[in-house]
Amino acid sequence: MTKGILLLSILPPFWPKMPPLGILYLKEYLNSKGVTADILDLNNFFYNLAGMNNHSPLLQKSWTVSCNTFLEKNVLSIIKTNFPGDFNDCVNKILEYDMAGFSCFKSNYKTTIEVIKILKSRKSGIKIVLGGPEIARQYFKTDGKFNDEILNLADLLIAGEGEKPLYDFIAGVNNHPPLPTRNNVSKFIQLEDLKCLPFPRFNGIGLKSYPKNNAVPVLFSRGCARKCNFCSERLLYKGFRSRPVGNVINEIKFHSQNGIKYFVFFDSMLNADLKKFEGLLDAVISNFGNILWEAQIAVRNDMDMRIFEKMKKSGCYNLFIGLESGSDKTLKNMNKGFTSKGAEEFFRKLKEAGLFFGISLITGYPGETEEDFKESLDFVIKNKNLIPKIEQINPFTYYDGTNTDKKADYKLNKESMRRMEIFVEEIKKHNFKYINAFLGNLVEKI
């Protein structure tokens, strides 16, 4: 097999259960344009090594702890101490390429920067491309200027979608003016539509090496139809676009024929376009009868009961729903697009269709009073018979670029933490289903 001109990678720590979808899409898109790119999932590689390391039995388990700031700060030194030969081999592997691209998240950003410094010290001419949610966050945090460290290390910074700017960079096409440095910054330059976007085949990564090795992540759309004030995920794309239903069906067929049993949709809002969503459900039913799938959906009062029934018939086994609050005032401040009564009706339809779901909740949202908090808590308890599971409860967390008050962040507003603790006590007292690790999972662990 011919070695590509670009190596795409993701460094630890990052959620290790399934393959990283972003760089897989980049690989397929570049291949469709005649550019060969390779993938090296170093997060997966060292996660699996950690599971075989008798000196640190808790290391692999710590990988799955969300917002584990200790691991984020120290994982590279831990890796270099426990697996020095493997780490050096990985560095040498990256250095075989003239260009390396890294997917950056808040959790792995420090590791990524440190590894790039090592690469540059050994091969100054290697081209470095950085993208992912953390680059978008820093774009908003710095008003698009970025800091000197990242500007000096990267040859291309991609805020937003990566396919078009990365291909243009490789092809030497500069459709956007550079900053007055040697760096090139792409600011939310994206594909017009997703009609010709090829789906990931997961070539070269070894699906069996992931804990959920009989499942694949799937994407029906990019962007979100809602504009919740607190959400940073909606900032990753400009507008909402969906893939053709036929393309998604072909993807499911491809993976089903290769032994995949579960399909996890990574969309921000799978039911954003109801006509296309129903079309997808119809196509799944007509082509497969049913498949096992899960997704994140939003509360919508315009969803006919037939859609809920088709969701069940097509094989939906789990849904994540961002309720966030049971207070109408707080829901309005959040710009959620529904009321508590609308949410209750939506949950009732889900239950009637036999669909299982979990909800997420936020305490201490800017402007939330004690009365609003109690109203939210009372709503959840009152509807215990309609809510199968509490998926997450977190104090309000501020994200750069959102339309919220930074001073209300839980690190500055201790009241939001107190309210979260009360909420957790109450759902336990009322015997809600929950996973303890997801209660406060966005709170930094030191």
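## A buried pair across the chain

Glutamate 161 is buried, at 2% relative accessible area (buried is under 20%, exposed over 50%, partly exposed in between, with a 1.4 Å probe and protein chains only). Its salt-bridge partner is arginine 241, with the closest N and O atoms 2.7 Å apart; a salt bridge here is a side-chain nitrogen of Lys or Arg within 4 Å of a carboxyl oxygen of Asp or Glu. This pair ties together distant parts of the chain, 80 residues apart: arginine 241 is in strand β9 (residues 241–242), while glutamate 161 lies in the loop between β5 (156–159) and α9 (163–171). Arginine 241 is buried as well, with a relative accessible area of 8%.

## What the model is

This is a predicted model, where local features need pLDDT of at least 70 and side-chain atom pairs count only at pLDDT 80 or more, though totals for chains, interfaces and linings use all residues. Residues are numbered from 1 along each chain as its sequence is written, and side-chain values use heavy atoms, leaving out hydrogens and water.

## Pairs within helices

Over in helix α7 (residues 133–141), arginine 137 and glutamate 134 sit three residues apart, so about one helical turn separates them (helices are DSSP runs of H or I, at least four residues, and strands are runs of E, at least two, numbered from the N terminus). They form a salt bridge at 2.7 Å between the closest N and O atoms. Glutamate 134 is buried at 4%, but arginine 137 is partly exposed at 23%.

Glutamate 415 and arginine 418 also form a salt bridge, at 2.3 Å from N to O.

## The wider picture

The whole structure has 30 salt bridges. Glu278, Asp282, Asp304, Arg306 and Lys310 join up in a salt-bridge network.
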